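Please keep the sequence and the coordinates at hand while reading.

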Amino acid sequence: MTHPVRNFVGKGRTGAQEMAAVADDVTVLHGGVVVTMDSGFRVFRDGAVVVARDRIVAVGHSADILLFYPRAAWKVDLAGRILLPGFINTHVHTSQQLARGIADDVDLMTWLHGRIWPYESHMTEEDSYVSTLLCGIELIRSGVTCFAEAGGQYVSEMARAVELLGLRACLTKSIMDCGEGLPPNWSSCSTDDCIQSQKDLYEKHNNTADGRIRIWFGLRQIMNATDRLLLETRDAAQKLNTGIHMHIAEIPYENQLVMQTKGIDHGTVTYLEKIDFLRSNLLAAHSVWLNTAEIEHFLKSEVKVSHCPASAMRMLGFAPIREMLDSGVCVSLGTDGAPSNNRMSIVDEMYLACLINKGREAYITGTTNPTVLPAETVLKMATINGAKAVLWDNEIGSLAVGKKADMVIANPFTWSMVPMHDCIANIVYCMRTENIESVMCNGRWIMRDKKIVNLNEEEVIASAGKRASDLLARAGINLPNRMNYV
């Protein structure tokens, strides 16, 4: 355990004076199972974490912590509950939350051209704000403290919502400068406009909301990006020391089109390697249709991957996650957007990631291997790997001294998690969203005892329902009747 006084040395103060001053700002969470996800992957059976302002200042056994902090301003008795690092969802479309249910059971191109792009292109700024609020509520309820936005049109409204929610986020604008099927109000965006608009957003919003918001560059997909857009985005992001979020190798058609138009022997990743686009600040969403050589390209360039199990199973296919992890590629977890998943729960994605990849192994090898993607690996994907994927692992992803106080309290004393013989296995295989009780981000509670702190949840839900219906009508999207409604 790190001694608390050593972390806050006040000029001209004695150790006792410093302890008294610090106590006013200190919260001690004790008496819980503390899953640190630190470099030693320590789990304290009766552990405690000390928070001062927005940082973790001590982690250790409850008895030791309480001895050092007898006069802490706030003490939270966890009573055996589980304390975890906040989960990190590395692929989210917050602007698509109002489109939940409008694109089920259709192929990807119909999903994109016939449903999602008409929907997104008819959104207003206020629609985007409400959609992000609704999405944020679901993220918080599943224990997420940080997410990577995959791209929407109104980043300023996303930022406004994120600031209110209290979450941490890497926000991007959805950028496209070519391609078939684009709505008229999108197809007029030039490459120069695409690049400049992202630079402007970076200037306006990066490092705002007490440092919780970072602005990344977004590329929708290779089918909607010229080479100039790809390379200038690469250079601009590198100059600003920020990330790039891009959908990569989602479906076979994408690879086939790239092979036909670019004259290469495989697909998207092969071409991106050829033009020297791959970098360590690239977050590659999905990455389902990769071959062995392309996995090596990712490894060599330190590209990070967001695995979205539910979304992949709906429309994309089996990603080679085991091969990526075995090779050393950093793989994290995402939910994707509501129209391609419906459930924005990273808790569900952990469970699915374990099962889907065990099933895939049996399918491709002809024999079962239940050891593929064990629970501890998947929990790592949702925490420290997620932090690496969003380029924030120096401050989040584990419970360690000096890191930001992004934490989740889960109640294991419910029918879904009792008995708890193996804490880590129970978190991944048994835990449900309902087990998440409280969430802290940047040292502040954003959900306490299952109540969202910073906004009126019922008002957001009511507004979202009305706006979603109006938006669907404006977009002219008519959904088929699946049964005989009377």
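The notes that follow cover model confidence, a sheet and its packing, and salt bridges.

The model is predicted, and the protein chain has an average pLDDT of 93. A score of at least 70 is reached by 95% of the residues.

**Confidence**

- Over residues 1-21, pLDDT stays under 50. For this stretch the model has 31 contacts beyond four places in sequence.
- Where pLDDT is low, predicted coordinates should not be read in detail.

**Sheet and packing**

- Strands β11 (residues 244-248) and β12 (residues 282-286) run parallel and are joined by five bridges. Ile 248 stands opposite His 286 in β12.

- Arg 467 and Asp 127 meet through their side chains in a salt bridge, with an N to O distance of 2.8 Å.
- This pair links helix α18 (residues 457-475), which holds Arg 467, to helix α4 (residues 125-141), which holds Asp 127; the two residues are 340 residues apart.
- Asp 127 is buried, at a relative accessible area of 1%, whereas Arg 467 counts as partly exposed at 26% relative accessibility.

**Salt bridges within helices**

- In helix α5 (residues 155-165), Arg 160 and Glu 157 are three residues apart and therefore separated by about one helical turn. Their salt bridge brings the closest N and O atoms to 2.8 Å apart.
- Glu 157 is buried, with 11% relative accessible area, while Arg 160 is partly exposed, with 37%.
- In helix α18, Lys 466 and Asp 470 lie four residues apart, about one turn of the helix. The closest N and O atoms of their salt bridge are 2.6 Å apart.
- Lys 466 counts as exposed because its relative accessibility, 53%, is over 50%. Asp 470 is partly exposed, with a relative accessible area of 33%.

Notes: Residues are numbered from 1 along each chain as its sequence is written. This is a predicted model: local features need pLDDT of at least 70, side-chain atom pairs count only at pLDDT 80 or more; totals for chains, interfaces and linings use all residues. Side-chain values use heavy atoms; hydrogens and water are left out. Two strands pair if DSSP finds at least two bridges between them. pLDDT is the predictor's confidence in each residue, from 0 to 100. Contact means heavy atoms within 4.5 Å. A salt bridge is a side-chain nitrogen of Lys or Arg within 4 Å of a carboxyl oxygen of Asp or Glu. Buried means under 20% relative accessible area, exposed over 50%, partly exposed in between (1.4 Å probe, protein chains only).
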